[in-house]
Amino acid sequence: MKQYINQIFSLVFGLAVFTFFAFFYQYHLYYQEQYQLFLFTGDYFTQMSYHIGGLAAYLGSFLTQFFYYPKLGAIIIAILLVIIQELILFLSTMMKRQSYWTLLTFIPSIIYWNMLCDENTMMTGVAGLIITLLAASLYMLIENGWTRMVYLIAFAPLLYVMVGGVYVVFIFLSIVIEYFYFENASTSAIIGTVGGVLIAVFLPYVCSFFVQAPLNRLYWGFDWYRFPIVGIGFYLSIWVSVVLVPILFVVIPDMKKHAFFCTTAQFVGVVLLIVFALYNGYNKQKEEIMNYDFLIRSKQWDKVIQKAQKKSPNTPMSVADLNLALAKTGQMSDHMFDFFQRDPQGLLPDFQRDFTLPLVTSEIYYQLGFVNTAQRYAFEAMEATPDYQKSGRVLRRLAETNLINGEYKVAYKYLKILQKSLFYRKFANRTMALLWNEKAINADPEYAWLRKCRPQKDFLFSEAEKDMMLGTLFVHNRKNRMAFEYLMAYYLLTGNMQQFAKCFPLGKSIGYDHVPYTYQQALKYLGKQMPQSK
Amino acid sequence: MKTRFYYILVWVIGAFVACTPRPKDANKVSALPPMYPDYTDITIPYNIAPLNFLLRNDADAIEVVAQCGESVLQINKKGHEICFPIVAWKKFMNEAKGKTTEVKVSARINGRWLQYRTFKWQIATDKIDPYLSYRLIEPDYEVWNHLQLIERCVENFEEHVICDHNLVDNSCMNCHVYGNQDPKLSLFYVRGKNGGTVLNRNGKLRKLNIKNSQTISAGVYVGFHPSGRYGVFSSNIIIPAFHAVDSKRLEVYDTKSDVFVADFDSNTIYSCPQLSDSTVLETFPTFSPDGKYIYFCAARRVNLPKEIKKLKYSLCRISFNAANHSFGTKVDTIYNARLKGHSVCHPKVSPDGKWLVYTVADYGTFPIWHREADLQMMNLQTGAIDRLATVNSNRSDTYHSWSSNSRWFVFASKRDDGLYGKPYFCYIDRAGKAHKPFVLPQKYPAFYDDNLKSFNIPELSKGKLPFNAVDIERLMKKENEKFK
């Protein structure tokens, strides 16, 4: 049992990571996946790996595509975090075979677990760190001092090209291994150390003359975080811990006599660290919002309402999602005020130069029949993505809007790209068959309906006049119940009861079997306020 | 030993030849090959990069034979893509200069060879300017991302970045334009808090704030005086709007715009009432090649955006005296929008002063999103207008730039899919006849299929620019030079 204790701890840790991401943070993984599109093409590989740290970015993107199925994503994250821990354990125990401090090797993985709770932390870093640790492990396996020196100096620049700034971890780990494991202070060690430090300090600077990229990013790395600007603490917390743990292994004296106490204390410490990391990193509200977004994206309207019935949403995004679900299930006019309503922002959020909110708004405009506006919001969301990745979700939507608009060549272009992905291929193949096939498109319930709903007469869309836009849309197709209900909801939420009363009779064409409950209440209120309007 | 070596060599060559697919019992068909890009029956400059292409069918092997007298360029490849070896291509083009080449394409589909109808390449002796600059941008609405200004050598596939958004705080940047097709005279504008107009003059970079208390904005559209000392700019208040119907995407219009001249020696702005009339929107200024005239577009103000379809720009001209930087008193109308029913944009005179090419659209000032937008060419000696039927497509064909010898121009066209703009080159022969245009060749024939960016404002130049993106990064850290 004792000999397997480390493996058991690793297994338990891996299961804990899996459980967390698979059952408590799964919508974060969906969210991650939708803001990238991994393509199985040589061009994509070339494009990704063409810059510093490109191989890590490519592998990160490859791994992230599997987040399309969150449980698969959770398995991947769990395995990778365990690999990081195991590699650090390998390096540490090689340096000091008898140690009672093995649980310290979990620290970097726990820190990374905490960082991965942030939806903007990319898998690039995980991939880059594992490659770096593998490179350091290889260094440890080289017996000859001069060979190690050559390996360090020759491989460090190559590693830099592959993984970016994290290559310094390789250099410092190599130096640590040289002095603590090989206990070598000969000429080769000194040359290796000096050479390694010089490479660590100057290589990114030298590269700045050849690579057109900001110097600070050449030092710290690309694609570890979705936003280009991130505090250096983000990198240092991982890098320092990875180098420090093997040093601590050697430096801290063994407490053989107090082994049980030592292991128990570490175990408690590790558990407390995990609790702290999750307490600090877990964001329930974001997970809720992402859950709503996922349900909308997958058109699970009833589940949205069921979820809201348990706890009414209160953010503009989730309220907008709920209202869309209510409209799609024909319940908006009866039940929208059963739930918390904010203001018109919870109905049709205003455009923001952001990569999240416009995606939700795009879904609403799409379902309403504002195909061009839906296309614009989706396109803008992709354009606003801070790491310039293409989004599988957006390209799918753009293919659909162009298909509906009869812009088949553009739709073809997007579908051709989606065909090169793993999880969008099926959709792309299915949709490709509809191109230039009016009969097939018109037989598709969704596309045919949206073709009937979309405006036929040109006008310039005005976000400041949403009621006018909705009114124009409804007048074009008086069977468009959703447009009518959004128009009425807009007047109710803005308190424009006169316009509500004026437009209420237009609903006749919808064919309601009763006066919707919300409208009854509004009419009753109007009756009290303005008896003449009865 | 030697014998053994030759034996191996023969074996390797034999194996290679055996593996190279060659047409056998090919069926002749009357159709042209379904090639993309469409390089059939075109006129090309002898210094152009290889016209690599692919076949849009299930071909698993291709043979291409280009023959011009004794000179033959033959290539056999597996797959459906053809990439010509650049050395062989250059040699062949030099031999075929000024002649007509017959190109025969055969393809193997489902095990059977088809030989398509032969087409022609007319190899012009008139060289095209070897460098092309453009802005790579997604065909976006309001949000931009990953913007770059690129300079590409059209004689091969080399390109380099002139300005990279990563190095300028992800700021938006306007397109790069040359003066006299001279790489040592060019300009572009970087927005953002550290932004400014980047002037490359005699190879020296300056960062300018071309604005004074009289101008309504910094310079937007620009044209250089042949001396390089002056630039003529428009200042515009630009508003984007979004169409609701399927066939249209974006509308951009000006609520205010004027034209002025900036002196880069004295950092002074000059204007006149004729170019800054508050009841008129003036824009798209450009100098005539002799520098004596400013061509620009002008429209009466209308109630925007409601009357956007009534916004039609005429093409006008006013004289300019560079010696005392004075303007003429009379504005000539070269193309009357009211009479012709179209709106004119982006006028540019050929360097020899003979031709004026401009874009016409149904209305407005942003033809890039008008699928009806076409190029027209006016003979400045006779006033005759050529509607360039062989050049235009049923999608937006717009912004152009002349080659220094006035025999070629490049323009941006959305003809492929209506969304992604690409640079097309058009030959104007000595008689003034326009030839069928062709798209900028790429190293990988499938490049345009996978590319999600538009090529904005393509501009030709005689040589390579003397700066790169890192120089611009450094320049952006400097203070702007002010204008009075």
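Good morning. I begin with chain B, where 4 strands form an open sheet in the order 26-27-28-29, with antiparallel pairing. Strands here are DSSP runs of E with at least two residues, helices are runs of H or I with at least four residues, and both are numbered from the N terminus. Two strands pair if DSSP finds at least two bridges between them. Strand 26 (343-349) and strand 29 (385-386) of chain B stand at the edges, each with a single partner strand, so one side of each has no neighbour in the sheet. Strand 28 (residues 374-379) of chain B is joined to strand 29 of chain B by 2 bridges, and the two run antiparallel. Within strand 29 of chain B, I385(B) is the bridge partner of M378(B).

A word on conventions. This is a predicted model, in which local features need pLDDT of at least 70 and side-chain atom pairs count only at pLDDT 80 or more, while totals for chains, interfaces and linings use all residues. Residues are numbered from 1 along each chain as its sequence is written, and chains are lettered from A and ligands numbered from 1 in the order in which they are written.

I turn to the interface between the chains. Here 30 residues of chain B are in contact with 30 residues of chain A; contact requires that the C-beta atoms of two residues, placed from the backbone, lie within 7 Å. On the chain B side, the elements giving two or more residues are strand 13 (159-164), strand 19 (230-243), helix 4 (447-450) and helix 5 (469-476). Of these, strand 19 of chain B gives the most, with 3 residues. By class, this side of chain B has 14 nonpolar, 5 polar and 11 charged residues. Nonpolar covers Ala, Val, Leu, Ile, Met, Phe, Trp, Tyr, Cys and Pro; charged covers Asp, Glu, Lys and Arg; the others, Gly among them, are polar.

Strand 19 of chain B also pairs with strand 1 (residues 460-461) of chain A, in the antiparallel sense over 2 bridges. In that pairing, H243(B) is the bridge partner of L460(A).

Finally, the domains of chain A. An automatic or database domain assignment supplies the bounds: domain 1 (2-282), domain 2 (283-342), domain 3 (352-454) and domain 4 (463-533). The centres of domain 2 and domain 3 of chain A, taken over C-alpha atoms, are separated by 22 Å. Between them, 8 residues of domain 2 of chain A are in contact with 6 residues of domain 3 of chain A. Thank you.
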